[in-house]
Each structure stands twice: as C-alpha cells, then as structure tokens.
Amino acid sequence: MLLHVLLFLLSSSVVAAAAPPRHPGDLRFREAPQFYNSPGCPRPLSSSTDSPCSTSNLVHVAMTLDVAYLRGSIAAINSVLQHSSCPQSIYFHFLASKAIPYLNSTISTTFPFLPFLIHPFDPSLVSDLISTSIRAALDRPLNYARSYLPRLLPSCISRVVYLDSDLILVDDIAALAATPIPSPSILAAPEYCNANFTSYFTPTFWSNPSLSIVFEGRNACYFNTGVMVMDLDRWREGGYTEKIEEWMELQKRMRIYELGSLPPFLLVFAGRIAAVDHRWNQHGLGGDNFRGLCRDLHPGPASLLHWSGKGKPWARLDAGRPCPLDALWATYDLLEPLVSIDDS
C-alpha cells in the first residue's frame, strides 16, 4: 500500500509533456553524489589505484554499456550505490563494443569515485551466430555479451552479479550477491515455473525427440537472464560459453526458438540453477515485446524493478506517456535537463 501511495505522489510530479528528441550521443548527466561505506564494510576501494583483484572488493557487478541504453545504465548504477551499505566496495565491469572513449568519459564524470573497468567486446564473436528474433533490439551482438563474461573478466574474479540496463535496485545488492549457489549449479536467478516454458521453443524443437530430450529429468522453468549471480570459476571449468554457442549454431541450421539470447541460456541452464527470491526481479515492467503496455508490480515485496519488454521508462517519460512505475525509475535518472532559450 505504501509503495502505491509513493508511486502516486511521484507520478503526479512527472511532467506529461513530451520532451524534445535528443540524440543519445548528446546526453549530459549530472554528477552523482559520493556514497560512503557503513561501519563494518571492507576498506573503501580507490577508483584510481585499486585493481579488480583487490581483496577489498565485496561485490562485482557486470553490465553491458552502449550509447542507446546509457541513460538506463546510469540510473541502474545510481540505484545500486544509493541502496548499498558498502557502496565503496563495489567494482563495476562494463562490456562495450562501440564508443568506448565516450562511455568511459561519461561514467567517469558522472561517478567520479566509482571503481570500474570497461571490457571491450568484439561483436564478431557472435555476429555470425545470431538469428533474427521477434524484435530487432534483441538481435544486437551486445545482448549476447553476458555469455562471454567468464572470458572477459579477470580470472581472479570468481563471482559476479550480472544486471541489465533497464532496471533499478531498491535494496542492498550485497544480499543478492551472497546468494548460495550449491554445486553443481553455475548460476542463480529467480525462476518462474508458472510461465509456459514450451512457448520459448518452436514446434520444430518439441517435435524432434533428439532435441527435446535435453530437458528430460530437469524441472526446467523460465528465468530471466537480466538478473543473474554467476559462478565464473565453475562456468570456465565447464566450458559453458561453448555449450551456448553450440545451440546458437544449431539455431542457424534449423529454427528452434524465436526470442534472441534467452533460449540458449534456457537450453543449457533451465532446471539446473539455484533459485533466487522473486523480489530480486520484478520483471516485465516494459510490457510485452510487441506493444510495451503498462504493467503493475507482481504480488509480493520488491527489491529490484526490471523494465524488460519493449517499453523503456526513459522513452515513455520523454514521449510524455509514462506508466505509473516509470515515476519511480525517474528518481534515479541523472540526465541533465535541456535548457531552452525561454528558460535562460
């Protein structure tokens, strides 16, 4: 009830007028305040001297980074830092394939005290493996970069929290990062066993016993790959990047799924992951993949709100057609407003 009241108050303050269109490369962001560790946290990391292998790293966070989704990424980073009890002990890893100097400069000036690295991702690693899906945005090579995290991040990092760019946290990420991942599981994520799992694969897949047998003996459920805790050591030892690539290669020969980078993860990991409470991925707030209609929160508590789907909060806000929950995302938005001639 309290959250709904808060959303009403926030949404009433969001101006409904459409904002002038702005090219993503022209965006400017306010500098975020410095966030400090609470008593009992590890020694604060230095953005200039500490390496990602420092023993003071409490949590490693990985995200993709590009110009088109930069506004969302910055809001997500801001939310992580605001709600962390040890914000100076979080190391960020960004995977990027274009405009790296611009992205590096923007993150550095927006978060001057943030320890981070940008890891270049070569799109050619996956460009020949990608099949067209139901929405063009899902076919970007960078969407597949999460499959290569164990190769791109230093070998000293054994665990990482992967986050999409269209989400915000309203809880301490350390609690998510500490999720137990019992062997032999490789990753942890919220599972949604009420979802129609068969819909993620084509009739061609299900009618071929040599393919569908992959799920035999597995309690396979849908999970969203936008929020995952990953055991990188086990991933590297098991060669799971290669296993995902094998399914993508098969998809090029015979169409066994329709939905971008998600199905290969389901084929390899569904039914074999450690469960995470649903509060850590209140997903689907961007609506479906076709219309992007407004959606409400799922029943229960929320620690992470995720605008997966077609509709993104920054685009709806700029268009003057926000959904109620977009007002909550807007409180973490660091975009500098345009100053018009009339305002000066």
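These legends walk you through close-up views of a predicted model.

**View 1. The largest nonpolar core gathers 49 residues.** Look for Leu187, Phe201, Phe223, Met230, Trp235 and Phe269, the members that touch the most others. Helices H8 (232-238), H9 (240-253) and H10 (262-269) are among the elements that give two or more residues to this core, and H10 supplies the largest share, with 6 residues.

**View 2. Phe201 and its contacts.** Leaving aside residues up to four places away in sequence, Phe201 touches Trp206, Phe215, Ile256, Tyr257, Pro263, Leu266 and Leu267.

**View 3. The largest cavity holds about 50 Å³ of space.** A search of the whole structure turns up 1 cavity of 30 Å³ or more. Residues lining the largest cavity include Leu129, Tyr144, Met248, Gln251 and Glu258. By type, the lining divides into 6 nonpolar, 5 polar and 1 charged.

**View 4. A disulfide joins Cys41 to Cys86.** Both cysteines, Cys41 and Cys86, are buried. The torsion about their S-S bond is about -80°, so this disulfide is left-handed. Cys41 sits in the loop between H1 (2-13) and E1 (59-64), and Cys86 in the loop between H2 (70-82) and E2 (90-96), so the pair ties together parts 45 residues apart in sequence.

**View 5. A disulfide joins Cys294 to Cys323, S to S 1.9 Å.** With -85° about the S-S bond, the link of Cys294 and Cys323 is left-handed.

Note on methods. Residues numbered from 1 in each chain as written. Predicted model: local features only at pLDDT ≥ 70, side-chain atom pairs only at ≥ 80, totals over all residues. Heavy atoms only, no water. Core = buried A, V, L, I, M, F, W, Y, C linked by side-chain atoms within 4.5 Å. Buried < 20%, exposed > 50% of the residue type's maximum accessible area, 1.4 Å probe, protein only. Helix = DSSP H or I, 4+ residues; strand = E, 2+ residues; numbered from the N terminus. Contact = heavy atoms within 4.5 Å. 1 Å grid on protein atoms, 1.4 Å probe; cavity = no way out; pocket = protein on both sides within 12 Å on 5 of 7 lines; lining within 4 Å. Points joined across faces, edges and corners; volume = space filled by probe spheres on them. Nonpolar A, V, L, I, M, F, W, Y, C, P; charged D, E, K, R; others polar. Disulfide = S-S within 2.5 Å.
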